Amino acid sequence: MGMQKMKGLIGDGSVRLISLDMPEPGPGEVLVEITHAGVNPADLAQVQGVYPPPPGVTEVLGLEFAGHRTDTGEPVMGLVAGGACATHIAVPENQLLPVPGRLSLAQAATIPEALATAWTNIVWELGAREGTIYIQGGTGSVGSLAIQLARELGLDVIASAGGPARCRWVESHGVRCVDHRRDVAEQMKALVPGGLDYAINIQGSDLGEMTKMMARGGAIAAIGNRAGNTTDLNVGRLMVRGLTIRGTTLRSRPAAQKARAMAEAGEFVLARYASGAMVPVLSEVLTDPERAHELMRRGPGIGKVVLDVQGWGRL
């Protein structure tokens, strides 16, 4: 009898589905039948050849998923370094979380990568306990979760968004908003005259400008380079104000750190999702991977684009 097969999504300039051998779970792993997978900027970067998977990680795209454990049938969501855009995955059990009862599996697939990113940066890297935090991209796939997490942590949250409609969405979640289509520094002066305590930067190239908005002793987590890898940084300002800048990526963190992040963050947020205090932000569910990636390249709506993996049997 031959090996069981599954479908997986790979990309080298474009995306395509291929047939692969079904994985065998190793020690501490479980097999999950995936129903939905989140689409992230890292997937697009991998397809473009500028963000390869870490050594030893599958070339199959995808960092997060939702589905059912094949041993118990339990609905779960999980975080991985690759391989989530597939019909099945063998994953360390400690990188899974149960899906809160009020959430669909499509909604659950929006959570793991954004949650781990937000938790490791807001809680671990910035050590944010009180004060004001600025989160770039408050309507994006990470930002739409991060603003809710920061709010629930008790922080005063300001997020950026593009235009009045998106700012109204941010404000509907109890968060102040600056319109990044206008002068952000001027808007920030009016909102926080004394400067920001913490900030999360996803653009990269405006990191130097962001230091102007920081209070003495402020800290910035640089988690993206969407607008470029270089910035003009005034080192004197950095020194005089005693600022800290920390650069991080989630994908390259060791598995033990990913497991710890999922456990800590899960303990904090699962009840909040179950009660409705936090809500998943699902932009669109698509079966066609190329359409999903094209939507990401154009700029999606509010929240995260999710692939309907169950529909791949029709492709």
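Strand β9 (residues 156-161) runs parallel to β10, and the two share four bridges; strands count as paired here when DSSP finds at least two bridges between them. Within that pairing, alanine 159 has cysteine 177 of β10 as its bridge partner. Helices (H or I, at least four residues) and strands (E, at least two) are DSSP runs, numbered from the N terminus. The model is a predicted one, so local features need pLDDT of at least 70 and side-chain atom pairs count only at pLDDT 80 or more, while totals for chains, interfaces and linings use all residues. Residues are numbered from 1 along each chain as its sequence is written, and side-chain values use heavy atoms, with hydrogens and water left out.

Zooming out, the pair belongs to an open, parallel sheet of six strands, in the order β10-β9-β8-β11-β12-β13. The edges are taken by β10 (176-179) and β13 (244-247); each has a single partner strand, so one side of each lacks a neighbour in the sheet. On average, neighbouring strands are turned by 20° against each other, direction ignored. Helix α4 (residues 143-152) lies across β8 (132-135) and β9, at about 175° to β8. Angles run from 0 to 180 degrees between N-to-C directions, with axes fitted to C-alpha atoms (for helices, over the stretch in contact). Helix α6 (residues 184-191) also packs on the sheet, where it touches β8, β9, β10 and β11 (196-201) and makes about 150° with the direction of β10; contact means heavy atoms within 4.5 Å.

Back to cysteine 177: it is joined to cysteine 167 by a disulfide, S to S 2.3 Å, the one disulfide found in the whole structure (cysteine sulfur atoms within 2.5 Å). The torsion about the S-S bond is about -65°, so this disulfide is left-handed.

As for rings, the structure holds one aromatic pair. Tryptophan 119 and phenylalanine 268 have ring centres 5.7 Å apart and planes at 50°, so the pair is tilted. Rings of Phe, Tyr and Trp (its six-membered ring) pair with centres within 6.5 Å; planes under 30 degrees apart are stacked, over 60 edge-to-face and the rest tilted. The two residues sit in helix α3 (residues 112-125) and helix α9 (residues 255-275), respectively, 149 residues apart.
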